[in-house]
Amino acid sequence: MDLRYTDAQLAFRDELRDWLATALPEVAPEPDRHDWDARRRWDTDWQAMLADAGYAGIDWPTEFGGRGASPAEHLIFLEETERLRAPYVGVNFVGLGHAGPTIIAEGTEAQQADHLPKILRGEEVWCQGFSEPGAGSDLASLQCRAVRDGDEYVISGQKIWTSFAHIADYCELLVRTDPDPEIRKHKGISWLMMSMDSPGIDIRPLDTVLGSSEFAEMFLDEVRVPVSNRVGDENDGWRVTMVTLSFERGTAFVSELLGSMKLVEEAADLARQVTRNSATAWDDVGLRREIGQIAAELDALWALTKRNVSQAARTGIPGPGGNVFKLRYAETRRHLGDVSARLLARAGLGIGETGSHSRNDPIEERIYALSLKIAAGTTQVNKNIIGERVLGLPKG
Amino acid sequence: MDFELSDDQAALAEGIRNLCQGRFDIETIRGFAESGGVDPGRWKELGDTGVFGLMATEADGGLGMGLADAVLVFEELGRAAVPGPLVGTFLAASAVPAALAGDHVVSLVEHTADNAAGPWMVEHLDAAASVAVLGAESVSLIPAADLAGEALPHPLDVLTPVSRVQSLADGQEIGGPEVAADWRHRGSVLTAALQLGLAEASLELGVAYAKEREQFNKPIGTFQAIKHLCADMLTHVEVARAAVYAAGVHFDQPDTGDAVRAASVAKLLAGQAGDFCGKACTQIHGGMGYTWEVDVHLFLKRSWVLDTVFGDADDHTEAVAAFL
Ligand SMILES: Cc1cc2nc3c(=O)[nH]c(=O)nc-3n(C[C@H](O)[C@H](O)[C@H](O)COP(=O)(O)OP(=O)(O)OC[C@H]3O[C@@H](n4cnc5c(N)ncnc54)[C@H](O)[C@@H]3O)c2cc1C
């Protein structure tokens with residue numbers, strides 16, 4: 001076990017620091033979070049800057065235009081950018097983390113040439129059309145139907161919770177290409193690249209509990225997608241999707257986690273300013289210990305992240321550490337939100353009112369933390385997976 | 001950066017695990033209750049294997065390894081629920097050659113401002129040759145024979161006999177403030193490693209029972225309430241493992257993180273893991289979990305005993321908060 005960075009890794013970090021010192025002052029102020037066009041522009045401008053400097057697709061292989069960085073370098077990249085509060089991956093998340101890697105692993109040369117350079121430069125924003133009203137945790141029961149018509153698929157159905165649908169250029173879409181109820185439900189699914197300009201797509205934004213429209217319902221009415229936009233074989237889309245998941249190298253929550261470590265320090269600062277029973281809240285040993293507990297858990301999760309990254313670097317596949325991370329992280333973040341709210345008391349009745357100098361408002365963060373147990377696989381499903389696939393318990 | 005075990009470390013952990021399976025299986029250990037929790041012959045085997053001298057210098061007859069290595073060894077000792085004052089003897093080994101060799105059992109008692117007047121609860125007094133007194137500013141060694149103790153008739157953990165000692169005889173000082181701080185630091189991390197191992201023992205036992213026990217014509221592990229308890233145990237174990245290993249590495253490689261803060265994080269989360277997993281494993285066993293026969297109570301009670309040394313959850317949450 002060795003937590004020291006190598007000389008090469010330190011050199012990578014120094015070079016990155018130098019670049020960030022010159023690049024960050026050129027970044028425009030962060031736009032209002034309800035102004036989606038501006039948000040898209042802000043995130044994609046940053047992506048273009050990264051591409052010019054050779055940092056786009058940090059973990060992508062070099063033959064596909066990426067940096068080919070090791071997981072440790074990826075970690076350094078996320079650490080440094082978060083430390084200096086550089087823009088987050090934002091709307092480029094699905095393209096860089098999901099669609100791009102899938103196209104790298106399973107796409108044809110033509111598909112790779114069409115999309116990968118644009119994703120890397122922030123010229124193509126992607127969204128993920130997996131979930132449906134009737135298919136959430138049980139994703140493989142999805143019903144959105146694609147019927148072959150010559151060299152096109154004609155697609156009808158409904159998707160839901162599609163993040164960034166209203167500003168995306170492309171959608172990674174899971175459709176049912178074989179409706180035969182006799183075959184196993186995982187077998188009849190295909191993975192398509194759908195242009196969001198296609199006629200027949202109706203997007204209806206859904207307001208989240210934050211009052212913003214992060215995600216949307218997507219109604220598809222005879223949308224035509226060329227067969228050449230299918231990635232992988234027909235009816236083999238489930239496997240294609242699983243291949244993508246195996247790209248995760250333990251870095252998914254690094255920026256967020258480091259941000260959380262700042263939030264807990266700010267909670268401690270806040271506690272020193274708030275009056276409680278004629279003293280400060282920090283003088284209340286109960287509160288202080290709770291904050292210490294949260295900070296300790298975040299420290300341990302940072303250590304766990306390094307274990308996960310190291311394991312991925314050695315084996316090339318994600319271990320169960322990612323599932324474990326997500327379970328505990330969601331709990332810790334809820335606890336942090338609750339403690340912050342107790343400190344703010346009625347000063348926390350408005351979002352963005354607290355004068356916090358953090359990147360994120362503690363009350364907004366408390367609400368956001370609710371999603372950590374739902375998005376990308378719920379806590380319960382995650383526990384089923386750990387129980388069955390990691391611990392070998394029998395299926396229910 | 002590579003936070004996975006090196007080949008040498010993996011071999012070290014496996015070696016100790018094999019030793020424990022062969023020489024400290026749970027039936028054998030239960031038998032130690034007759035001899036005050038320590039069997040001199042088996043204790044000597046630990047010394048011969050180098051367990052107590054892992055971090056002592058080669059000049060002192062040790063192996064010159066790091067705390068991260070020692071953590072792996074103590075994790076295995078915890079998993080096997082090996083009883084005895086392992087941490088005290090380990091810490092004393094640099095100063096007491098016979099302790100390093102496994103010929104001299106050293107119990108440890110903390111002498112803090114809170115219990116300056118005693119009485120002191122000394123573990124394994126009958127088996128010990130010396131008692132190390134860890135004070136705020138010094139460490140001293142007292143021959144166990146010089147201490148009068150009244151054995152508790154019903155110790156919390158049958159394998160950790162405890163004596164109430166009313167006064168501590170004068171001892172021989174073997175270290176000043178720096179040594180005391182070092183003992184507290186490494187003692188926290190090694191105790192955390194024992195608790196990590198105990199948590200794993202509960203996890204393994206609980207999962208095995210969930211696969212084997214049937215009710216309503218199916219293994220109880222089929223039921224989500226049980227399955228999710230198992231997943232929660234694994235989560236506790238893996239988060240604690242990361243914390244404990246990090247505490248070991250930060251001690252050996254001080255540039256990589258604050259080792260003192262990491263020691264508190266490790267002791268806190270490993271104690272919580274030992275407690276959570278012990279309770280969950282008890283619950284998974286139903287009525288069997290409440291019997292003397294099933295081993296889980298040994299794991300849980302040992303973890304509770306270890307909560308009381310080198311700082312408990314209250315101390316370590318405070319200690320971490322002080323860094324903010
Ligand atoms: C912020 C956010 C962004 C998202 N972005 C996207 C996106 O971009 N693209 C996309 O495709 N999807 C997206 N999702 C959807 C997300 O993946 C689903 O919400 C999630 O998989 C759960 O599905 P569901 O909402 O249908 O809940 P359900 O599956 O209906 O679950 C309801 C409840 O039942 C429980 N449950 C279900 N099955 C089991 C079981 N077998 N055992 C025990 N409990 C069970 C669940 O844990 C949950 O508590 C997003 C969700 C959120 C919150």
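Why is the site around the ligand shared between chains? In this predicted model, the ligand is surrounded by residues from chains A and B, so the site belongs to both. The shell holds 16 residues. Those that come nearest to the ligand are Ser131(A), Ser137(A), Trp161(A), Thr378(A) and Gln224(B).

Within chain A, two domains take part. Domain 2 (127-234) gives residues to the shell, and domain 3 (253-389) does too, so the ligand's shell lies between these domains. Secondary structure elements of chain A also contribute. At least two shell residues come from strand 3 (152-163), and at least two from helix 11 (379-390). Strand 3 of chain A provides the largest share, with three residues.

The makeup of the shell was then sorted by class. Ten of its residues are polar and six are nonpolar. Charged residues are absent from the shell.

Thr378(A), one of the residues that come nearest, has a side-chain N or O atom 2.6 Å from an oxygen atom of the ligand. For Gln380(A), a polar side-chain atom is 2.7 Å from a ligand oxygen atom. Gln128(A) uses its backbone instead: an N or O atom there lies 2.8 Å from a nitrogen atom of the ligand. On its own, the ligand has 970 Å² of accessible area, and the protein covers 64% of it.

Definitions and conventions:
Residues are numbered from 1 along each chain as its sequence is written. Chains are lettered from A and ligands numbered from 1 in the order in which they are written. This is a predicted model: local features need pLDDT of at least 70, side-chain atom pairs count only at pLDDT 80 or more; totals for chains, interfaces and linings use all residues. Side-chain values use heavy atoms; hydrogens and water are left out. A residue is near a molecule or strand if one of its heavy atoms lies within 4 Å of it. A polar contact is a pair of N or O atoms within 3.5 Å; within protein, one must be able to donate a hydrogen and the other to accept it, and residues adjacent in sequence count only if both atoms are side-chain atoms. Accessible areas come from the Shrake-Rupley method with a 1.4 Å probe; for residues, only the protein chains shown count as cover. Helices (H or I, at least four residues) and strands (E, at least two) are DSSP runs, numbered from the N terminus. Ala, Val, Leu, Ile, Met, Phe, Trp, Tyr, Cys and Pro count as nonpolar, Asp, Glu, Lys and Arg as charged, and the others, Gly among them, as polar. Domain bounds come from an automatic or database domain assignment.
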